[in-house]
Amino acid sequence: MSTPDPAGTDPEESTGGTAPAAAGEPAPDAPAGGPAGAPEAPSGASGADRDREERREEQDAAAERPEEGAEETGGTGDPEPADGGAGGDGADRDPAGPAEGPAGAVPGGGAAGKSPSGKAGASGSALDFVPSPVFLLVLAVTGIAGWFSWNRTELELGWTEGGSVYAPFVFIIGGWIVSVAVHEFAHALVAYLSGDRGLRGSGYLRLNPFAYRERRITLSGERGGGAFTGLVLPLLFVVIGGLGITGPASYTDREAIGGRGRRMLAPLAGIVASLVLAVLLAAAVTVLLPVGSVTDNWFIGGLMFLCFLNLTAALVNLLPVPGLDGYGILVPLLEAATASPRRFEGMERAARGFGLFGVIAVFGVLWLPEVQMVYLNEITGLFQAIGMPQMDVLYGDVLMRFWAS
């Protein structure tokens with residue numbers, strides 16, 4: 001390689017030619033110099049040196065550029081959180097998280113942003129699992145309405161209008177919103193513990209049905225969930241028909257949940273949660289109302305009706321109808337029984353698209369007067385069989401839907 005003269009002079013300047021090559025130096029890829037009289041480079045380097053410098057700069061620039069397909073991380077080197085951080089709503093984001101490049105190993109030995117299960121983990125804080133202030137507000141309003149119902153405060157203060165009272169309605173509606181939030185929380189919690197990290201910080205895990213967002217699963221193209229199916233529909237079912245039916249909960253990423261058993265547990269968790277709430281409410285009625293007695297207390301009547309709503313939610317969701325939890329429990333078994341994965345994927349996508357109509361169809365059947373009367377008689381017989389003949393479901397229905405009485 002040509003080197004400058006230690007004295008600061010260039011051999012090319014003194015001899016008018018090119019500098020002699022050093023011993024053992026490979027021949028340059030390009031001619032050592034141009035025609036006589038060519039202008040000198042600003043640095044005084046020869047043409048070969050300029051070529052080498054240009055190649056070296058190109059190699060350095062290529063080394064600094066990220067590999068093709070690698071995802072930029074915003075200059076910090078850390079993967080972008082999958083759910084937007086603490087308190088954010090991650091229900092509509094890609095649960096698979098950011099793309100992972102070949103580099104970026106962390107001190108723990110794994111790839112950056114990967115959980116032990118191999119899925120991209122979501123970052124956040126413990127606040128992602130703390131009940132939302134909105135949920136606490138609904139609880140407070142429900143409690144105040146329950147206290148008004150227990151003491152018949154509306155009658156004492158003269159707030160009744162045309163003989164109608166409103167505190168029991170607020171108490172039952174608030175209690176049903178809390179029940180729906182707990183039902184969906186059970187789904188989301190089991191899904192999160194099973195590997196679906198995209199739910200962290202969402203309204204589902206923070207017990208806030210008003211913050212439910214439609215979620216789009218990028219890999220499968222599925223979409224579902226949201227405030228309409230998770231909150232508005234259950235409220236309409238109660239107000240219109242007096243039936244406790246939850247909307248289709250299709251927000252979990254089944255591909256992120258490993259194992260057939262875990263995929264079955266996620267939809268089953270909501271049924272168990274509603275059944276536990278029904279048992280707790282029935283126990284409260286038993287404590288407040290001795291066996292064999294009747295009551296006209298608004299608060300106890302509201303507890304009876306909330307028990308009926310949660311029991312209905314648990315029983316109806318056992319039906320193997322797309323959109324209900326019972327179908328979600330059967331999906332892993334149907335997948336194992338189908339020989340062609342592609343064929344099953346097409347059938348499953350079509351069934352999930354029918355989910356909303358499936359739930360509305362079940363409500364329509366139960367709303368028929370003949371069917372509803374048979375159902376109420378069966379539920380009343382079930383209460384009597386377990387030793388609770390004092391469960392007056394119709395009394396709670398009259399208290400809530402005061403306009404229909």
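Q: In which segment does Arg401 lie?
A: This is a predicted model, in which local features need pLDDT of at least 70, side-chain atom pairs count only at pLDDT 80 or more, and totals for chains, interfaces and linings use all residues. Residues are numbered from 1 along each chain as its sequence is written, and side-chain values use heavy atoms, with hydrogens and water left out. Helices (H or I, at least four residues) and strands (E, at least two) are DSSP runs, numbered from the N terminus. Under this numbering, Arg401 lies in the segment after α13.

Q: Why does Arg401 count as buried?
A: A residue is buried under 20% relative accessible area, exposed over 50%, and partly exposed in between (1.4 Å probe, protein chains only). Arg401 therefore counts as buried, its relative accessibility being 15%.

Q: Which residue has its backbone oxygen 2.7 Å from a polar atom of the Arg401 side chain?
A: Contact means heavy atoms within 4.5 Å. Not counting residues up to four places away in sequence, Arg401 touches Val238, Val239, Ile240, Gly241 and Gly242. One of these is 161 residues from Arg401 in sequence, yet 8.5 Å from it in space, C-alpha to C-alpha. The backbone oxygen that lies 2.7 Å from the side chain of Arg401 belongs to Ile240.

Q: With which residue does Arg401 form a salt bridge?
A: A salt bridge is a side-chain nitrogen of Lys or Arg within 4 Å of a carboxyl oxygen of Asp or Glu. The structure holds 3 of them. For Arg401, the closest N and O atoms are 3.0 Å apart, and the partner is Asp397.

Q: How many residues apart are Arg200 and Asp128?
A: The side chains of Arg200 and Asp128 meet in a salt bridge of 3.0 Å, N to O, and both residues are buried. The pair links distant parts of the chain: Arg200 is in the loop between α5 and β1, and Asp128 in the loop between α2 (47-64) and α3, a separation of 72 residues.

Q: Which residue pairs with Arg152 in a salt bridge?
A: Arg152 counts as partly exposed, at 24% relative accessibility. The closest N and O atoms of its salt bridge are 3.4 Å apart, and the partner is Asp296.

Q: Which side chain makes a polar contact of 3.4 Å with that of Asn208?
A: Asn208, in the loop between α5 (167-193) and β1 (214-216), is buried, with a relative accessible area of 8%. A polar contact is a pair of N or O atoms within 3.5 Å; within protein, one must be able to donate a hydrogen and the other to accept it, and residues adjacent in sequence count only if both atoms are side-chain atoms. The side chain that meets Asn208 in this way is that of Ser132.
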